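Please open the model in your viewer and keep the sequence panel beside it.

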Amino acid sequence: MSNQAAGSRPVGAATTPSSADGAAAGPRRLRGFWEATAVRVGALTAAAAFVYCLDSLILFRRFLASTFDLVIFDQGVRGYAHFQAPTSIARGVSDGEGAHFLLLADHWSPVLALLAPLYWIHDSPATLLVAQGVLFALAIPPLWAYTRRQLGPGAAYFVCIAYALSLPVMEAVIFDFHEVAFVPVLTAVMVERFDAGRFWHGILAAVALLLVKEDMGLLVAGFGCYLLLTRRRWTGLAFVVGGLAATWVATHLLIPAFGGSASFYWAYDQFGSSLGSALIGVITHPLHALRVFVTPWVKARTMIGLLATFGFLPLASPMVVAVLPLLAERMLASGYPLWWQAKFQYDAFVVMMLCCAAVDGAARLQRRYLKVSARWDTWLTYRWSRPAWLRHGGAAWRPATLWAAAICAAALVYIPSSPFGSLLHPGFYGINARMRAAAAAIAHVPAGVEVEASNNIGPRLSGRDTVLLLDGTPRWAPWVVGDTLGLDFPFCTPSQQAQEVAYLRAHGYSQVFAADGYVVLHRPADWRTAQALAHPLPAARLHTNICY
């Protein structure tokens, strides 16, 4: 009887995979690919970038972006892209500084030049929104690496999600573009590299932070205080001295060299008229300074919200001192109430440092817990058989992992009522009558012209026209696009905007288009047009009560 007749397998059959083996190989390969750390972290980073870009681009499409500040940055970065000076005519004219106002005269942010090559690909304000979304998301890999080293991989994923869905990041994403987009990723790299012992890499990240904005030296100096507290004395001292010196040089030398004023954002007259006298005032009257730091209530509410985002664990780490200089800059100011709020982009400057401080605090508390862990392990062990993912191999869950899971869960639960909650509603992706009217209005404005536009209209014109803000002070531009029904900065009521449009119509402008509150006006340019650019009057509404 042959081998085949005896039921034995034919020669070579042992090396031929069955159809069932082939079908199972695909899922196994996919599972193995997904289990790779780089793939998981990359997927989380890509998902965060997608959500950030989606939200900001839909706001842009719905005419919910603004001339102040998106067009300001768009005009400046376009200057870099064309190898010219980073000027913003919109900001310069409204501030009474002229048509050639440099962004570097407002804030020391040369890092924006790195975005210029993106304009060679797509010349539009939307490019900045995409760049901002990607930059905020790029903070996730270094944050994950730092948290994994301190708390383990499970906690690292939870913490990264909590950061990605934190209110400071969401508020920054929905409010145009700002240089703060560079801060979380550079902060995370600085902290992670120092934790890994790669000090020179961390120093380079700190130097890069100094190119983001003039007050980033305060963050670097604050991190230096943390290094001093953790017995890295010489490095910490260098950070403190270097950070403070960099802020002083940028504010008092570099910004004035480009036509700005070192005192433009000075808002501390209650302590003194200059930096030196204000510092003396704070030191000699500490209780008064503390009272100003936490009152009115909006200040305390903002700071409590920042700490609550990470379960108040930043308070368990000496790293929390790193954010104190920036918080003091905001909360001790009397001239800019907007700085006190959790709205806009201001909290995003400190969110990553607070996140890393919370991770450090959790690690410190967990190390203390391990010394007395025997009495608590039974409380942190899941004994039941289902669900299996909670069993953790019969071992106790680490407290830090539970904390990370809790702040992650809180962030997820908050989404429906958060600034990103609109992404869950189908109507957010649609077009209404007002949006169609706005699109029709900008279609009546020719390309390559000078146009005064309502705050929400300017971003859609900035890629093809020279945009000025319709700010209540006539600039006599040949084209005007006004909104008589909506409420747009810097007006306090829709009726004020309607009055502005009526004034222009009564002084030589003819109406080209009107629909659903949007009005397009036109008049030939004359000597007043040139004079308004060469010697503009500052917009009174920008320097008084701006209705917030």
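What follows is a tour in which each stop names a selection and then says what is there.

**Before you select anything**

This is a predicted model, in which local features need pLDDT of at least 70, side-chain atom pairs count only at pLDDT 80 or more, and totals for chains, interfaces and linings use all residues. Residues are numbered from 1 along each chain as its sequence is written, and side-chain values use heavy atoms, with hydrogens and water left out.

**Stop 1: the whole protein**

Show everything as a cartoon, where the secondary structure comes to 24 helices and five strands; helices (H or I, at least four residues) and strands (E, at least two) are DSSP runs, numbered from the N terminus. Of the 548 residues, 50% count as buried, where buried means under 20% relative accessible area, exposed over 50% and partly exposed in between, with a 1.4 Å probe and protein chains only. Among contacts with a separation of 6 or more, 70% are between residues 24 or more positions apart, contact meaning heavy atoms within 4.5 Å.

**Stop 2: helix 2 and helix 3**

Select residues 37-61, which form helix 2. Its 25 residues should span 36 Å at 1.5 Å a residue, and because its end C-alpha atoms are 36 Å apart, the two values agree; the expected span is 1.5 Å times one less than the number of residues. Colour the buried residues of helix 2, which include V41, L44, Y52, C53, D55 and F60.

Next select residues 67-81, helix 3, whose 15 residues should span 21 Å and whose end C-alpha atoms are 19 Å apart, which agrees. Helix 3 is mostly covered, with 15 of its 15 residues buried. Just after helix 3, look at F83, which takes a positive phi of about 60°.

**Stop 3: F63, between the two helices**

Select F63, in the loop between helix 2 and helix 3. Is F63 buried or exposed? At 4% relative accessibility, F63 counts as buried. Although F63 is not a glycine, it has a positive phi of about 60°.

**Stop 4: other loops with backbone features**

Move to F344, in the loop between helix 17 (324-331) and helix 18 (351-371). Phi of F344 is near 65°, a positive value in a residue other than glycine, and F344 is buried, with a relative accessible area of 13%.

Two prolines come next. T295 and P296 are joined by a cis peptide bond with omega of about 5°, and P296 lies in the loop between helix 15 (286-294) and helix 16 (297-308). F489 and P490 are also joined by a cis peptide bond, with omega of about 5°, and P490 lies in the loop between strand 3 (479-483) and helix 23 (494-506).

**Stop 5: two pairs of packed helices**

Two packed helices are described by the angle between their axes and the distance between the axes. Axes here are lines fitted to C-alpha atoms, for helices over the stretch in contact, and angles run from 0 to 180 degrees between N-to-C directions.

Select helix 7 (residues 140-151) and helix 8 (residues 153-164), which pack at an angle of about 140° with their axes 8 Å apart. That makes helix 7 oblique to helix 8, since angles under 35 degrees count as roughly parallel, over 145 as roughly antiparallel, 65 to 115 as roughly perpendicular and the rest as oblique.

Finally, select helix 10 (residues 183-195) and helix 11 (residues 199-209), which pack at about 155° with their axes 7 Å apart. That makes helix 10 roughly antiparallel to helix 11. Among the residues that meet there are M190 and F194 in helix 10 and F199 and H201 in helix 11.
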